[in-house]
Amino acid sequence: MSIKLVIKSLIFLLLATPVFSQVTMRDTIVSWNHFDYSMNENYGLASFSSSNIVTTQFNGIVLENELVKLCLIPEFGGRIISYVYKPTNKEQLYQNPIGVPYEINNNIFYHDWLMVFGGIFPTFPEPEHGKYWNVPWNYAVKETSSEKTTISMWLKDDRSNPNRPGQYNNGITGITCYFDVSLTANRASFDVDVSLENDNSQSTYEYWTCITFAPGSEIGNTYTPSNSEMIVPIEEYAIAWNLGDWMSSLDETVAGSSEIRKYDKLSHLSNWEDMGIAYAHPSMDADFYGVINHENENGLFRLTNDQSKTPGLKFWTWGDERGLSADPTDFNTSARPYIELWSGTPIQFFWGAEMDANEKLSWTETYFPTVGLENVSFLDKNIAFYTHLDQNNVNISAFNPTEAGLETEVIISDETGYVIQRDLLSIPIDDNSHFSKEVSIQNIESFADYEVVVKLLNGLDELYSVELKSLSDPENPLSASIADEPTISIDHTRAINFSFTQKMKRTLLLYNLNGQLINSKEINSTTATLPYPTKGIFMVLVVSETQSWVKKIQIN
């Protein structure tokens, strides 16, 4: 091989290889502005200033591949402070521009004060923000390669604050929490492996992962706009604390309970009149939830491999107007413009969970961006998928930045199982990883009733199936009216005989079960015959200008 050919081959390989086709790791410095404060040895607030804003620098770790840039800060609560989806250059997590100490000496929170930084972080073993939100966590590189890098952050519960409010009474549990963050090459998502290990006696504890959502934000200016929606696959929620009891007039009650409500209006941030807390009721059973910013249809979702480990889901915002109008330079204003959703081992704060001596509990949380989706019906590690029925169209959209070979199938059939229409669509990966398709329902006016089923397929595997319209849906606007039913008989001359009570112009159609038209005839009388070719099962359709009728018949 000539030298020129070798050089050309090397150039081709370099050009064909993505710049970030592997996982990289580096140290960084994260600067954060906040009102000045100092802590005592128990992490309680020793002093603070209501006017002096200072800058603290934290040591951070950046994990990066061709699609994602993460930033971790182990030394302030073991948190993931930044998640940038590089194709859109949008930040997914909230970062407080100016931290302010609040609820100082009000018997709220374990250390009798709190300060919001943002990101995704673990809280344990007490309710709410736990003991260790402002404490340095241990950390180490657990795994590193060009394909995958894992940073482990961990802390053992071995301390107590003697000045804590009395309701925080789980004591020193001895539980060790591991919060291991992994980024893999060629993935837009990242994983967090959470493990709890109890080497003490049986302990009462709480664990929650707090997520501060701000999907689709400009880097350095993070917030959730009013037009943001909490996509949570639940039917009901339980009202907890809410300022001024504003939640009581929001959604309709369920089963005669004033506290249990239908999950509807609460999902929209614009309906949050003020700050408040609500919980999924009776628990959170679906394995994903998230928030979509409808200003640009960017979303952030949490997916878990075992939802039974974290059945609790808590809603919190500061309130739409209160959060968005807040001045972060005002010491007396703690509100901020973001949404918090929490996943916990108990159902609600202060309900507690139990760990036996030497018990271990673990699960994986995967965090996933979406682009171009107004909602999500199905989510796994490879794809976010949404479909809905809109008049004569089945609308399908998907976001799949890393997985090829997926298909979606639309099936329209009648009550006999006869397939009226079938569409099989490939879901490609394009430059922005977003797929959108509108499937028009054809010839549906010929059927008195029908169902619409949409399936998501990965080869021979059915990942997801949903019935958008059932046969028993009398209010669907697409259902056709039923004509006067003819009397049908079949004779030995291979003809189907029709007899109607009214004379009008009609079209008679005969189909086989594969949907192939076998015969047709236009009539303007009360009787007619329609020849058939052979024995078998057929579909007979009768169509007039305003009505339709269909029947499956078997000819022996």
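User: How do the residues lining the second largest pocket divide into nonpolar, polar and charged?

Analyst: Keep in mind that this is a predicted model. The lining of the second largest pocket has 19 nonpolar residues, three polar and four charged.

User: What volume does the second largest pocket have, and which residues lie nearest its centre?

Analyst: Its volume comes to about 520 Å³. There are 26 lining residues, and Ile108, Phe109, Glu128, Trp241 and Trp316 lie nearest the centre.

User: Which strands supply at least two residues of that lining?

Analyst: Strand 15 (236–242), strand 18 (276–281), strand 21 (312–317) and strand 22 (339–344) each do.

User: OK, now the largest pocket. What's the volume there?

Analyst: About 640 Å³ for the largest pocket. It is lined by 31 residues, and the closest to its centre are Gln95, Ile219, Gly220, Asn221 and Thr222.

User: Which elements give two or more residues to that lining, and which one gives the most?

Analyst: Two or more residues come from each of strand 1 (24–39), strand 3 (68–73), strand 4 (79–85) and helix 2 (320–324). Strand 1 gives the most, with seven residues.

User: And how do the residues of that lining divide?

Analyst: For the largest pocket, 17 are nonpolar, 10 are polar and four are charged.

User: Switching to aromatics. How many aromatic pairs does the structure hold?

Analyst: There are 35. One of them is Tyr237 with Tyr263, an edge-to-face pair at 6.2 Å centre to centre and 85° between the planes.

User: Where do Tyr237 and Tyr263 sit in the chain?

Analyst: Tyr237 is in strand 15, while Tyr263 is in the loop between strand 17 (257–262) and strand 18. The two are 26 residues apart, so this pair links distant parts of the chain.

User: Are those two tyrosines buried or exposed?

Analyst: Tyr237 counts as buried because its relative accessibility is 0%. Tyr263 is buried too, at a relative accessible area of 13%, and the cut-off for buried is under 20%.

User: Why is the Trp342 and Phe349 pair called edge-to-face?

Analyst: Because the planes of Trp342 and Phe349 are at 85°, and planes over 60 degrees apart count as edge-to-face. The ring centres of Trp342 and Phe349 are 5.4 Å apart. Both Trp342 and Phe349 are buried.

User: Which residues do ring pairs link into a cluster?

Analyst: The cluster takes in Trp32, Tyr37, Phe58, Phe76, Trp113, Phe117 and Trp133.

User: How many bridges join strand 28 to strand 31, and what stands opposite Glu409?

Analyst: Eight bridges join strand 28 (residues 406–413) to strand 31 (residues 451–458), and these two run antiparallel. Opposite Glu409 is Lys455 in strand 31.

User: What about the open sheet of three strands, what's the order there?

Analyst: That one goes 33-34-37, and the pairing is antiparallel. Strand 33 (487–491) and strand 37 (527–531) each have a single partner strand, so one side of each is left without a neighbour in the sheet. From one strand to the next, the twist averages 20°.

User: How many bridges join strand 33 to strand 34?

Analyst: Five, and strand 33 runs antiparallel to strand 34 (residues 495–499). Across from Ser489 you'll find Asn497 in strand 34.

How values were computed
Residues are numbered from 1 along each chain as its sequence is written. This is a predicted model: local features need pLDDT of at least 70, side-chain atom pairs count only at pLDDT 80 or more; totals for chains, interfaces and linings use all residues. Side-chain values use heavy atoms; hydrogens and water are left out. On a 1 Å grid over the protein atoms alone, a cavity is a set of points where a 1.4 Å probe fits but cannot get out, and a pocket is an open set with protein on both sides within 12 Å along at least five of seven lines; lining residues have an atom within 4 Å of a point. Grid points are joined across faces, edges and corners, and a volume is the space filled by probe spheres set on the points. Helices (H or I, at least four residues) and strands (E, at least two) are DSSP runs, numbered from the N terminus. Ala, Val, Leu, Ile, Met, Phe, Trp, Tyr, Cys and Pro count as nonpolar, Asp, Glu, Lys and Arg as charged, and the others, Gly among them, as polar. Two strands pair if DSSP finds at least two bridges between them. Rings of Phe, Tyr and Trp (its six-membered ring) pair if their centres lie within 6.5 Å; planes under 30 degrees apart count as stacked, over 60 as edge-to-face and the rest as tilted. Buried means under 20% relative accessible area, exposed over 50%, partly exposed in between (1.4 Å probe, protein chains only). Axes are lines fitted to C-alpha atoms, for helices over the stretch in contact, and angles run from 0 to 180 degrees between N-to-C directions.
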